[in-house]
Amino acid sequence: MRRVTTTPIRTAVVGFGVSGKVFHAPLIAADPAYSLDIIVTADPARAAVASRLYPQARIVPTPEAMFAHSGDLDLVIVGTPPLTHFDLASTAMAHGLHVVVDKPFVTASGHGEELVSAAAEAGVQLTVFQNRRWDADFLTLRRLLAEGALGEVRSFESRFEWWRPEGFGNWRDTVSLGEGGGILHDLGAHLIDQAVQLFGPVQESYGETANHGPHPDAADTEAFVSLLHESGVRSRLWMNGMAAQVGPRFHVLGSVAGYTKWGLDHQEPALAAGMSPLDPSYGVEPQDAWGVLGIDGATTTVRPETGAYPRFYTELAAALRGEGALPVNPAESLEVLRIIEKVHAFA
């Protein structure tokens, strides 16, 4: 396995929409283990913003222009729509480059299997940006479970819901199911991954999907997934971009206590507003967003962990230097994709 010996790790970000601009570029720029060398975007307005925010980076319009400089790179981050993930990741690995692929990993599990095999054959590292493993609320719930604060967990409810009837305003509004579209592909990749990380492998799964969007041939805008874990825990997961009233982000019931948390993690809007991951207040949940632990009539607020998206790239840098494991094993994202495919097959 090729180890990165350059300091810092020379990096290219492909795509400068929400993924590249809000998540990857700020996290890379804030981490001294990396240098942001190339940004790929064909959109002139986005290119101008990228040049202003990251003047040290070369802005190129196509992946081909980036690969022409592959000898000056160590890592490629693929932050483009799902249909492009397989080809871009394959080409990057063929150039001997390590790869981060945004979720959803790929459009079909067979393609994911090919990428995992290709990475092993090329001797490079491949990982998937499952950043929600470092949400403040997820880290807090994981701590409570480790402490045994809920006793034996029996039921886990998790939601990503909001009121956005006009749509996302990007590729998510029009991409078909076969192209990796739909809310189950997009957000199910997070919610299912979190459930598996918390409660282990899935024994049984089923789900429901619906399309309430303006395009009758568009992919699902609402989804529900039920997972029975081998541990005995039942996870119930909701995704809905047209929820006029939202449910709790987490609602977890155990044998001695429950834990309920409202509201989404604050890191994405903070990054979108321009906050640096180096800001001391980054990832800190406001007190009015804290969850509660206990039983009805006897609950206490829980001081949350600090949200930590930068930890993904800290762990990746160590892995690329042969000093630790990947932050996300792509085989885990592949298993999540198989669950999504099963739900789509029978919903």
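The structure discussed here is a predicted model. Its protein chain is divided into domain 1, residues 9-129, and domain 2, residues 132-307. Between them, domain 1 and domain 2 bury about 1,200 Å², and 71% of this area lies on carbon and sulfur atoms. On the side of domain 1, V22, A30 and K103 supply 35% of the area buried against domain 2, more than any other three residues.

The C-alpha centres of domain 1 and domain 2 are 26 Å apart. In the interface, 13 residues of domain 1 are in contact with 14 residues of domain 2. One residue pair in polar contact is found across this interface, with both residues at pLDDT 80 or more. Helix α1, residues 18-29, gives the most to the side of domain 1 that touches domain 2, namely five residues. By residue type, that side of domain 1 consists of eleven nonpolar residues, one polar residue and one charged residue.

## The salt bridge across the interface

How many salt bridges cross the interface of domain 1 and domain 2? The rule finds one. K103 forms a salt bridge with D186, and the closest N and O atoms of the pair are 2.4 Å apart.

P104 has its place in the loop between β5 and α5. In general, most peptide bonds are trans.

## Other salt bridges

The count for the whole model comes to 15 salt bridges. One of the pairs is D135 with R132, whose side chains meet at 3.2 Å, N to O. D135 is buried, with a relative accessibility of 0%, and R132 is buried at 8%.

R133 forms a salt bridge with D193, the closest N and O atoms being 2.8 Å apart. R133 lies in the loop between β6 (126-129) and α6 (136-147), whereas D193 lies in helix α8 (residues 188-199), so this pair ties together parts that are 60 residues apart in sequence. Both R133 and D193 are buried. Salt bridges can also form a network, as R2, R10 and D74 do.

Which residues of helix α4 (residues 85-94) are buried? They are H85, F86, L88, A89, A92 and M93. An α-helix has 3.6 residues a turn, so residues three or four places apart point the same way. The buried residues of α4 pack against several elements: β1 (9-14), α3 (63-67), β4 (75-78), β5, α5 and β6.

After α4 comes G96, which has a positive phi, near 80°. Most residues other than glycine have a negative phi.

S109 is located in helix α5 and is buried, with a relative accessible area of 13%. When neighbours within four places in sequence are left aside, S109 is in contact with L334, L337, R338 and E341.

A308 is found in the loop between β14 (298-301) and α10 (310-320). This residue is buried, with a relative accessible area of 11%. A308 and D135 are 173 residues apart in sequence, yet their C-alpha atoms are 6.6 Å apart in space. Apart from residues up to four places away in sequence, A308 touches W134, L139 and Q267.

Technical notes:
Residues are numbered from 1 along each chain as its sequence is written. This is a predicted model: local features need pLDDT of at least 70, side-chain atom pairs count only at pLDDT 80 or more; totals for chains, interfaces and linings use all residues. Side-chain values use heavy atoms; hydrogens and water are left out. A salt bridge is a side-chain nitrogen of Lys or Arg within 4 Å of a carboxyl oxygen of Asp or Glu. Buried means under 20% relative accessible area, exposed over 50%, partly exposed in between (1.4 Å probe, protein chains only). Helices (H or I, at least four residues) and strands (E, at least two) are DSSP runs, numbered from the N terminus. Domain bounds come from an automatic or database domain assignment. Contact means heavy atoms within 4.5 Å. Buried area is the accessible area (1.4 Å probe) that two parts lose on being put together, summed over both. A polar contact is a pair of N or O atoms within 3.5 Å; within protein, one must be able to donate a hydrogen and the other to accept it, and residues adjacent in sequence count only if both atoms are side-chain atoms. Ala, Val, Leu, Ile, Met, Phe, Trp, Tyr, Cys and Pro count as nonpolar, Asp, Glu, Lys and Arg as charged, and the others, Gly among them, as polar.
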